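Hi,

Here is the structure I promised to pass along. Have a look at it first, and then read on for what turned up.

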Amino acid sequence: KIPFTVFFHGTDLEVGLKNKKKKLMAICRSADRIVVNSKFLSQKLLGSVPGLDQNKVIVVNPGPANFFFTPRPIEELKKLKAELALEGKKVLLTVARLEEGKGYPHLLHLLPEILKKAPNDVLMIIGDGPKRKVILEQIQKNNLQNCVRFMGNIPYAELPKYYQVSDVFVLLTHKDENHEEGWGMVFVEAAASRLPVVAGRAGGVEEVVQNLQTGVVVDVYQTQGVVSAITTLLLQPEYAKQMGEAGYARAQNEFTWDKQLTKLS
């Protein structure tokens, strides 16, 4: 009879529904409240647990660490640009675990076409995971070594400077047979860094990225639409800056932990 709260972030709910559905349903019905990270996940939970009291379910959107909002010293950013040979380049940044549903093979497939329209573009990939080998092979096969910076995993506290030397953030999220993006923390980190976003339409992504306001939400399988969205932001810096500033304002107004945690009081 001890009161308890259940927290779901996304994949944990999917695994529970797949492997321990009856037990998970019983736990959810017994909980005093259930905290989820998006409206999308809330709807998925309510649709999967018949009879669950929707008043128990609270949506708390995860926010970035406060240091994402703070500009890094100019000399530090200049040093990073020099180390990665980014001077005079437009930097397209992507940050995620290298796994299904993140759209890395698709992005690399489109990169040659993007480079035709934005030849000074460099793609910087931060992350690691099971698709690492496939991604590296794809980079080599298509002779993209000179225009891709593969960084692997970067310590979380060091991430802001990589966002801040970039021009556009892209992650072509999409639904696969086992998973669909519940929220999309990297999109909030990009917003806190004043970066416009190109995001694949999936799960809770459209709750994070406001289409044509803080970024562009695309169908990843509409090739020309994806290429157009990315190259437009790379080639129209004022338009990109406007979106980045809108994303920054929204992140400050809505997605700080101070504001989100008041929902639990």
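**The sheet and the cores**

An open sheet is built from 6 strands with parallel pairing, and their order is 6-5-4-7-8-9. Strand 6 (148–152) and strand 9 (215–218) each have a single partner strand, so these two stand at the edges with one side left without a neighbour in the sheet. From one strand to the next, the twist averages 20 degrees. Please keep in mind that this is a predicted model.

Within it, L93 stands opposite M124 in strand 5. Helix 6 (residues 132–141) lies across strand 5 and strand 6, and runs at about 160 degrees to strand 6.

Now for the packing. In soluble globular proteins, nonpolar side chains tend to be buried together. Which members of the largest nonpolar core touch the most other members? They are Y163 and F169, in a core of 69 residues. Helix 5 (residues 104–117) supplies the largest share of this core, with 7 residues. Another core, of 15 residues, lies apart from it, and L17, C28, V36 and V57 are among its members.

Leaving out residues up to four places away in sequence, Y163 touches F68, L93, V95, F169, V186, E189, A190, S193 and L195. One of these contacts, L93, is the residue that stands opposite M124.

How values were computed
Residues are numbered from 1 along each chain as its sequence is written. This is a predicted model: local features need pLDDT of at least 70, side-chain atom pairs count only at pLDDT 80 or more; totals for chains, interfaces and linings use all residues. Side-chain values use heavy atoms; hydrogens and water are left out. Two strands pair if DSSP finds at least two bridges between them. Helices (H or I, at least four residues) and strands (E, at least two) are DSSP runs, numbered from the N terminus. Axes are lines fitted to C-alpha atoms, for helices over the stretch in contact, and angles run from 0 to 180 degrees between N-to-C directions. Contact means heavy atoms within 4.5 Å. A nonpolar core is a set of buried Ala, Val, Leu, Ile, Met, Phe, Trp, Tyr and Cys residues joined through side-chain atoms within 4.5 Å. Buried means under 20% relative accessible area, exposed over 50%, partly exposed in between (1.4 Å probe, protein chains only).
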